[in-house]
Amino acid sequence: MLVLRLIGFALRLVFAPLTAVWVLLRRRLPRNAWLQIEIDGPVHEFPVVRRAPLPFLGFMGGRGVALSTFHEIIDEVAKDPRVRGVLIVIRSMSSGMATATSLRKAIVRLRELTGREVVVSLPNGGDTKELYVASAATRIIAAPRATIAPVGFVSTARYAKRALDKIGVAAERLAVGAYKSAGETLELERMSDTQREQVGALLDTFYDELVSAIASGRKVDEARARAIVDGAPYSSEKAVEAGLIDVAVYEDELPKALGDAKLVSAARYLAAKRARILPKLRKGRVLAVLPLHGAITSGSGPFAVDERFVSAVRALRANGRVRGVLLHVDSPGGGALASDRMHHELVALAKEKPVVAYFGNVAASGGYYAAAASHHIVCEPTTITGSIGVVAARIVVEPLMQKLGIVTETLQRGARATLLDPFHTLGQDERTALEGEVQSFYDGFIDVVAEGRKRTREEVHAVAQGRVWSGRDAQTHGLVDELGDGHAAVLALRSRVGAGAAKMQLATLRTPWQRIPPIAPPSALGSLLGLAFSRERVLAVSILPSLW
């Protein structure tokens, strides 16, 4: 490998003069240059690795945007007086609320660090998240007759107990924690008071963030910002009158609206800045980004599988180039045993190298369980986290079989042999045994969090019980250390690594489950259906404990 690297270096050295000319030409900018950043699809905190293994510098291109790369552009613009401004075109945006919060903070950082004008263009209009992000810009421009709709937030859940009763199907659910709501849409006729309380608190956080963003960004008071939200949607022309956007022009008129700007692709600009005349002979030390995305499960499948995750963590421990690890969690939880295995490996990793966890849109239940091993936890105010509790549930079809006239004959050896039979309704002895098992997992969960957060069991139990928190409230209750975006999490990791960390590059670990994007926080019914693909079959078939 070293011989091949030396040969490659020699060839690059021969062509270095030509390469230098090519690099200089690519770095040229026209007068009145504005960088243009396109957002049309998913927004990720860190680059999604497609081919190359560790290390990988990331990308910004195609339909996906990586916020870590956005911050790299910000740092380059701050040093380059030739860039007059930045135009961010948001055609569509796929992200959770926490990611949208991080994107908005990146725009604020771009304005404050560079002092340049930052304009957001909405050629297709925008809804709540687009306007929440755009409010950080100096100016907002939309196409004529586009719809501008920052209408707020809504959460809906459909309760199916009556329908299940009609067809003879029942849901059996065991949960430790008054707020552990996964599966209640199948067990209850209406939303429980505890679920209504915790969902309402999350919506309050989201709504407060939206109102505050519009008030500060559009320079109005909060009463006026609330009136703007309550008055939505608007046409572009009405949005100008309401002070929500600044002007409505067609896309081909944007350069003129920006003062005869010459638009330059930000992706091309950054690629030219990154280009090297000669490659490095020796690979340097890195900070690794370890993703924990999607439902946590055991065995195989396109999710966060414990065996794959464990292998990845052990590889990071053994790799001498990796000086610190940023654990990026975007998971609603999953299998209890799988979560425990992940946590165990992260504990071992944290004994040898600094580990900082950054919570994305959701880091709840099993996702929080695994991350409790981290030295430091960072999340956005709009992150959904907590849910420290355990649930086990299943669908029982025995009543349906009776309605259809199907007679079930059962022969068994062992008092609880039918415990995992989906056609069998739990008896009191079986239910008591399972409740003890679920309680045992809950006690273990409390112990894990108490140890990781340096709190007493009583303190953790007081904020646990399955309660879902916003990141803002989670920090108040000591479940996270710092409110911030991925950039803040990286700074926290560099601080813990110490000398030389400022020059270490981020390296995104390539993992099999990265093909599945981070998922949005599921409803109770969504959680139930999602687990049908797990080997443990926690909710769909059997009744093993789960962290959701």
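This is a predicted model: local features need pLDDT of at least 70, side-chain atom pairs count only at pLDDT 80 or more; totals for chains, interfaces and linings use all residues.
Colleague: How do β7 and β9 run, parallel or antiparallel?
Modeller: Strands of a sheet can pair either way, through backbone hydrogen bonds. Here β7 and β9 are joined by two bridges, and they run antiparallel.

Colleague: Which strands stand at the edges of the sheet?
Modeller: The sheet is open, with three strands and mixed pairing. Its order is β5-β7-β9. Each edge strand has a single partner, so one side of each lacks a neighbour in the sheet. The edge strands are β5 (126-127) and β9 (234-235).

Colleague: How is α8 oriented to α9, roughly parallel or roughly perpendicular?
Modeller: Helix α8 spans residues 193-218 and helix α9 spans 222-231. Their axes come within 8 Å and cross at roughly 110 degrees. That angle makes α8, relative to α9, roughly perpendicular.

Colleague: How many nonpolar residues are in the contact of α8 with α9?
Modeller: From α8 the contact includes Tyr 207, Leu 210 and Ile 214. From α9 it includes Ala 225, Ile 228 and Val 229. By class, one residue is polar, four are charged and the nonpolar ones number eight.

Colleague: What percentage of the 548 residues is buried?
Modeller: The protein has 21 helices and 24 strands. Buried here means under 20% relative accessible area. On that cut-off, the buried share of the 548 residues is 52%.

Technical notes. Residues are numbered from 1 along each chain as its sequence is written. Side-chain values use heavy atoms; hydrogens and water are left out. Axes are lines fitted to C-alpha atoms, for helices over the stretch in contact, and angles run from 0 to 180 degrees between N-to-C directions. Helices (H or I, at least four residues) and strands (E, at least two) are DSSP runs, numbered from the N terminus. Angles under 35 degrees count as roughly parallel, over 145 as roughly antiparallel, 65 to 115 as roughly perpendicular and the rest as oblique. Contact means heavy atoms within 4.5 Å. Ala, Val, Leu, Ile, Met, Phe, Trp, Tyr, Cys and Pro count as nonpolar, Asp, Glu, Lys and Arg as charged, and the others, Gly among them, as polar. Two strands pair if DSSP finds at least two bridges between them. Buried means under 20% relative accessible area, exposed over 50%, partly exposed in between (1.4 Å probe, protein chains only).
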